[in-house]
Amino acid sequence: MNLLRNILKNPTKSGLCDCHALISIHSSSLVGKIHASHSWVSRFESTEAKQHARLCNHEEHEDYDFSHFQGLDFPGGKVTFTTQMKFISECPEKRIPCYRVLDDDGYPIANSMYEQVNKETAVKMYENMVTLQVLDTIFYEAQRQGRISFYLTSTGEEAINIATAAALTPDDVVLPQYREPGILLWRGFTLQEFANQCFGTKDDLGKGRQMPIHYGSKNLNYITVSSPIATQLPQAAGVAYSLKMDNKKACVVAFTGDGATSEGDFHAGLNFAAVMEAPVMFICRNNGWAISTPITEQFRSDGVVIKGQAYGIRSIRVDGNDALAVYSAIRAAREMVIREQRPILVEALTYRVGHHSTSDDSTKYRAMQEIDHWRTARSPLGRFRKWVQRNGWWSDREEDELRGRVRKQVLSAIQVAEKMEKPSLTELFSDVYHEMPSNLSEQEVSLRETIKRHPQEFPVDVPL
């Protein structure tokens with residue numbers, strides 16, 4: 001051991017030959033300690049030591065194993081060593097490219113690789129995109145008129161909504177953020193059901209307990225929207241793992257925005273999914289803004305797609321305003337997720353044309369010219385319509401008829417919802433426990449007594 005101490009204290013004087021000699025006469029457990037010590041010593045190895053080491057060649061010490069100079073068997077795989085002190089760059093030399101099929105004029109780009117879409121699917125996709133746009137416009141106006149308390153649009157992000165929905169199957173479980181009502185629309189959620197939720201009627205599936213746009217449908221495999229940002233991501237990993245345990249041929253799709261990538265739940269969700277190899281697809285709608293925070297102040301990485309590699313997750317960046325590109329990418333990603341039983345991250349580059357919500361005025365922090373450019377020149381509806389119409393599958397007459405018909409249907413749904421009875425006060429306390437606990441019963445009694453004392457403060461359209 002004195003020899004070992006001398007080597008560690010002054011390696012250049014004791015010499016590596018002494019180290020080799022020590023290895024040849026001590027036990028294997030001590031050899032492991034010497035190897036570890038030598039790795040530490042090598043960081044401070046001088047030119048003199050390197051010259052001395054060359055004298056201790058393989059011929060003189062054939063019993064010494066030099067394999068540890070080539071790499072380290074470390075959990076996760078073999079790590080090679082290098083004599084160069086090189087830091088990994090904070091950013092790649094080139095930004096990760098964005099997958100695209102259609103140019104801004106709706107023409108397929110030469111040599112594009114994409115999933116072929118037939119007339120029936122293409123027309124349904126376009127009709128749903130238009131319906132979503134009209135729905136958003138009218139409900140936004142209804143909120144401005146004071147008829148509902150809150151609203152949030154998907155304007156500018158219709159392609160991500162509808163093209164993703166078209167590429168999935170009804171068995172795939174969706175955990176939305178809050179800007180994905182197009183998934184429900186595609187799966188058969190009616191305009192009346194949208195109105196019932198926003199107006200909190202007795203026919204609302206959530207029984208009026210959620211604020212507007214917090215949709216959910218068990219029958220359509222659409223988990224109810226939750227206001228807190230990114231909480232759905234670790235939940236999605238868990239839901240996906242349950243599908244894996246049950247050998248289901250389906251996947252989970254979790255949506256998030258660029259702002260949510262700064263949340264701890266983003267890390268937890270992706271890391272858990274990667275380690276457990278859960279069949280989940282994370283779709284990030286990178287629309288440039290997290291309310292008033294631009295992505296330049298959100299992160300310094302090359303967007304969101306690069307983050308997947310750090311977690312060991314396959315990733316792709318796609319033009320979120322190109323319906324064909326989104327459809328093709330999601331179809332391919334879904335197939336890989338289910339076949340290989342592992343997660344995938346999709347970053348869809350798009351733009352939030354509308355305000356963050358009815359509580360926001362985005363003109364306070366971004367230029368109108370920027371908004372107008374994305375509303376017109378970069379519109380996902382305009383681009384997809386050009387492609388569909390160029391194929392002879394759509395016409396101006398059909399466009400006018402569709403928009404007029406949908407507008408009437410949405411207005412009719414709102415009128416029905418406004419006249420519909422609200423959920424009973426009892427619904428405020430039900431569905432949480434099989435047997436109501438005493439503290440909840442006490443709260444109900446207290447609330448009813450308060451209403452009796454101050455009936456003028458209680459909404460007249462809510463049954464007691």
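## Basis and overall make-up

The model is predicted, so that local features need pLDDT of at least 70 and side-chain atom pairs count only at pLDDT 80 or more, while totals for chains, interfaces and linings use all residues. Residues are numbered from 1 along each chain as its sequence is written, and side-chain values use heavy atoms, with hydrogens and water left out.

The chain holds 17 helices and nine strands, where helices (H or I, at least four residues) and strands (E, at least two) are DSSP runs numbered from the N terminus. Of its 464 residues, 46% count as buried; buried means under 20% relative accessible area, exposed over 50%, and partly exposed in between, with a 1.4 Å probe and protein chains only. Among the contacts with a separation of 6 or more, 71% come from residues 24 or more positions apart, a contact being heavy atoms within 4.5 Å.

## Helix α6 against α15

Two packed helices are described by the angle between their axes and the distance between the axes. Axes here are lines fitted to C-alpha atoms, for helices over the stretch in contact, and angles run from 0 to 180 degrees between N-to-C directions. Helix α6 (residues 119–144) and helix α15 (residues 380–390) have axes that come within 10 Å and cross at roughly 150 degrees. The two helices are therefore roughly antiparallel to each other, in a scheme where angles under 35 degrees count as roughly parallel, over 145 as roughly antiparallel, 65 to 115 as roughly perpendicular and the rest as oblique.

The crossing of α6 and α15 is left-handed, a term for a near helix turned anticlockwise from the far one by less than a right angle, with right-handed used if it is clockwise. On the α6 side the contact is made by Ala 122, Met 125, Tyr 126, Met 129, Val 130 and Gln 133, and on the α15 side by Pro 380, Leu 381, Phe 384, Arg 385, Trp 387 and Val 388. By class, this contact of α6 with α15 has ten nonpolar, one polar and one charged residues; Ala, Val, Leu, Ile, Met, Phe, Trp, Tyr, Cys and Pro count as nonpolar, Asp, Glu, Lys and Arg as charged, and the others, Gly among them, as polar.

## Helix α6 against α9

The axes of α6 and α9 come within 12 Å and cross at roughly 30 degrees, which makes α6 roughly parallel to α9. The crossing of α6 and α9 is right-handed. Thr 131, Leu 135 and Phe 139 of α6 make the contact with Leu 191, Phe 194, Ala 195, Cys 198 and Phe 199 of α9, and the residues of this contact divide into seven nonpolar, one polar and no charged.

## Aromatic pairs

Rings of Phe, Tyr and Trp (its six-membered ring) pair if their centres lie within 6.5 Å, and planes under 30 degrees apart count as stacked, over 60 as edge-to-face and the rest as tilted. By this rule the count comes to ten aromatic pairs. The ring centres of Phe 189 and Tyr 215 are 6.2 Å apart with planes at 65 degrees, so this pair is edge-to-face. Because Phe 189 lies in the loop between α8 (181–187) and α9 (191–199) and Tyr 215 in the loop between α9 and α10 (232–245), the pair ties together parts that are 26 residues apart in sequence. Both Phe 189 and Tyr 215 are buried, and ring pairs link Phe 189, Phe 194 and Tyr 215 into a cluster.

## Buried and exposed sites

Helix α7 (residues 158–167) has ten of its ten residues buried, so it is largely enclosed by the rest of the structure; Glu 158, Asn 161 and Ile 162 are among them. Asn 128, which lies in helix α6, is buried with a relative accessible area of 11%. Leaving aside residues up to four places away in sequence, Asn 128 touches Ile 162, Leu 185 and Trp 186.

Most residues other than glycine have a negative phi. Asn 111, in the loop between β2 (77–80) and α6, has a positive phi of about 65 degrees although it is not a glycine, and at 77% relative accessibility Asn 111 counts as exposed. Asn 221, in the loop between α9 and α10, also has a positive phi, near 55 degrees, and at 24% relative accessibility Asn 221 counts as partly exposed.
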